[in-house]
Amino acid sequence: MVGVKVAAALANVIDGAPGCDVPWLIRGSSHCKRANSAVIRPHSVTITEFGAVGDGLTLNTKAFQNAIFYLNSFADKGGAKLFVPAGRWLTGSFDLISHLTLWLDKDAVILGSTNSDDWPVVDPLPSYGQGRELPGGRHRSLIYGHNLTDVVITGDNGTIDGQGSIWWNWFHAKTLKYTRPHLVELMNSSGIVISNLTFINSPFWTVHPVYCSHVIVQNVTIRAPLDSPNTDGIDPDSSDDVCIEDCYISTGDDLIAIKSGWDEYGISYGRPCRNITIHRLVGQTRTSAGIAIGSEMSGGVSEVRAENIQFYNSSTGIRIKTSPGRGGYVRNIYMSNITLTDVKVAIRFTGHYGEHPDEHYDPEALPIIERITIEDVRR
Ligand SMILES: *[C@@H]1O[C@H](CO)[C@@H](O)[C@H](O)[C@H]1NC(C)=O
Ligand SMILES: *[C@@H]1O[C@H](CO)[C@@H](O)[C@H](O)[C@H]1NC(C)=O
Ligand SMILES: *[C@@H]1O[C@H](CO)[C@@H](O)[C@H](O)[C@H]1NC(C)=O
Ligand SMILES: *[C@@H]1O[C@H](CO)[C@@H](O)[C@H](O)[C@H]1NC(C)=O
Ligand SMILES: *[C@@H]1O[C@H](CO)[C@@H](O)[C@H](O)[C@H]1NC(C)=O
Ligand SMILES: *[C@@H]1O[C@H](CO)[C@@H](O)[C@H](O)[C@H]1NC(C)=O
Ligand SMILES: *[C@@H]1O[C@H](CO)[C@@H](O)[C@H](O)[C@H]1NC(C)=O
Ligand SMILES: *[C@@H]1O[C@H](CO)[C@@H](O)[C@H](O)[C@H]1NC(C)=O
């Protein structure tokens, strides 16, 4: 813990009311509250009406873009639904709009193109200053949204497959020019629901809400090979009021990683990650943690609550990771009822994680870690 100010209260409360000594904790419901419950969209189109072909070979980027452009005219009329039927729908990156439901039927698979040109390069995030792995921009996610409100990505357990292995190979061969893309990224958006779907083989982090509020991720399965590089499951980043429940995640990196920007860029952007709730998460990660906070946490992370968690065959259960230069804070964290089966390290704090965007970070910017309660951890 060298280089980090720590005031952690690690408790293992067996008797008594759980969490009774955690003043900020408001006893909440054990279900995510959905503001726009069961949105019914008055208009609906099917992707085939826009010329899409579900043969796994035809590139359908234009069909997705045209369908969504058309549906934009219903945004102020209660919004619309884009229905993706059974089939294998190859596409490059496309943009969502507000008041949209993207609905994937059972046996519908959206496949990410294996041509990196179909994933355009966009600006780095202001809170990171550069791409997370390489200087400059970064490839845009397959499914992307910016400045949106009221977006639902759901279905009858359809699949969004990033076909990430080609990106993992480029990463290992060090031939990438820009940071790898996420599978789904929503930026500066609110009222997001991601539910009832399966996400597989993301090139990089799988679901990335950044600068968002009111995000629900419910009943999703996220899978990537246990040795795939940086395939985090869900990364709430500089976002508030995020609720994640009933998810199964098995990937090559942290299953959930709560973040808020990187070193001097994250400090000056100053947008914390706040009020993050996790219920009933099950999963495994051979190399990383089930729930991580950091290592990028320069905007601060607070009010995280995780309960009824089960990890198996994993390296670490809960991990808080940071470094001198990050600044920021991690405080008011409450985690309870965690079952670990064949997990090497239950709880791990890392104060010298390293990894800086450039040489301009302030080594005196020490993160503050305080009021961490982790109770009822069992094997
Ligand atoms: C998001 O909103 C900001 C501020 O209004 C604007 O500068 C930016 O261009 C918008 N981005 C997109 C992709 O709409
Ligand atoms: C989870 O998703 C599956 C498949 O989409 C569905 O059958 C099931 O009812 C969902 N469960 C909940 C709790 O939403
Ligand atoms: C959804 O499908 C995946 C396989 O594609 C399966 O592993 C998962 O259990 C299913 N989820 C639900 C909730 O039925
Ligand atoms: C987010 O949206 C707000 C207004 O809604 C705008 O002022 C701000 O510039 C946007 N930020 C980004 C990063 O797009
Ligand atoms: C998931 O699917 C189940 C079963 O169809 C449905 O009851 C539930 O409302 C769906 N959940 C969300 C958040 O869409
Ligand atoms: C925390 O977020 C939940 C949504 O996940 C919301 O219902 C609740 O009001 C928020 N709590 C606070 C104190 O803002
Ligand atoms: C603890 O979590 C498990 C699921 O991981 C659940 O079955 C059990 O009911 C929870 N116990 C309490 C006291 O909430
Ligand atoms: C855990 O890993 C071991 C060895 O890799 C394997 O034999 C076992 O089936 C795994 N357990 C589960 C629940 O996947």
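In which loop is the place of G131? I found G131 in the loop between β9 (121–122) and β10 (138–139); helices (H or I, at least four residues) and strands (E, at least two) are DSSP runs, numbered from the N terminus.

A note on conventions before going on. This is a predicted model, in which local features need pLDDT of at least 70 and side-chain atom pairs count only at pLDDT 80 or more, while totals for chains, interfaces and linings use all residues. Residues are numbered from 1 along each chain as its sequence is written, and chains are lettered from A and ligands numbered from 1 in the order in which they are written.

**G131**

I checked burial next: G131 counts as buried because it has 23 C-beta neighbours inside 10 Å. The cut-offs are 20 or more other C-beta atoms within 10 Å for buried, 12 or fewer for exposed, and partly exposed in between, with C-beta atoms placed from the backbone. Beyond four places in sequence, I listed contacts of G131 with P124, G136, G137, R138, Y178 and T179; a contact means C-beta atoms, placed from the backbone, within 7 Å. I also looked at P357, which is 226 residues from G131 along the chain, with 8.4 Å between the C-alpha atoms.

**The protein overall**

I counted three helices and 26 strands in the protein. Its radius of gyration is 20 Å, close to the 21 Å that the globule rule gives for 379 residues, so the protein is as compact as a globular protein of that length. That radius is taken over C-alpha atoms, and the rule is 2.2 Å times the number of residues to the power 0.38. Buried residues come to 54% of the 379. Of the contacts with a separation of 6 or more, 77% join residues 24 or more positions apart.

**Strands**

I followed β12 (residues 149–155) and found it largely enclosed by the rest of the structure, because six of its seven residues are buried. Five bridges join β12 to β7 (residues 100–104), running parallel, and L104 stands opposite G155. Strands count as paired if DSSP finds at least two bridges between them.

I then traced an open sheet of four strands, in the order β6-β11-β14-β17, with parallel pairing. Its edge strands, β6 (94–95) and β17 (207–210), each pair on one side only.

**Core**

The largest nonpolar core has 91 residues, and L100, I244 and I256 are among those with the most contacts inside it. Such a core is a set of buried Ala, Val, Leu, Ile, Met, Phe, Trp, Tyr and Cys residues joined through C-beta atoms within 7 Å. I looked up I278, in strand β22 (residues 273–284): leaving out residues up to four places away in sequence, I278 touches I244, I256, I291 and A306.

**Ligands**

Which residues surround ligand 2? I wrote down D156, N157, N196, N219 and D246, with a C-beta atom, placed from the backbone, within 6 Å as the cut-off. Around ligand 3 I noted N157, T159, T198, N219 and T221. By class, the shell of ligand 2 has three polar, two charged and no nonpolar residues, whereas that of ligand 3 has five polar residues, none charged and none nonpolar. Ala, Val, Leu, Ile, Met, Phe, Trp, Tyr, Cys and Pro count as nonpolar, Asp, Glu, Lys and Arg as charged, and the others, Gly among them, as polar.

Note on methods:
Contact = placed C-beta atoms within 7 Å.
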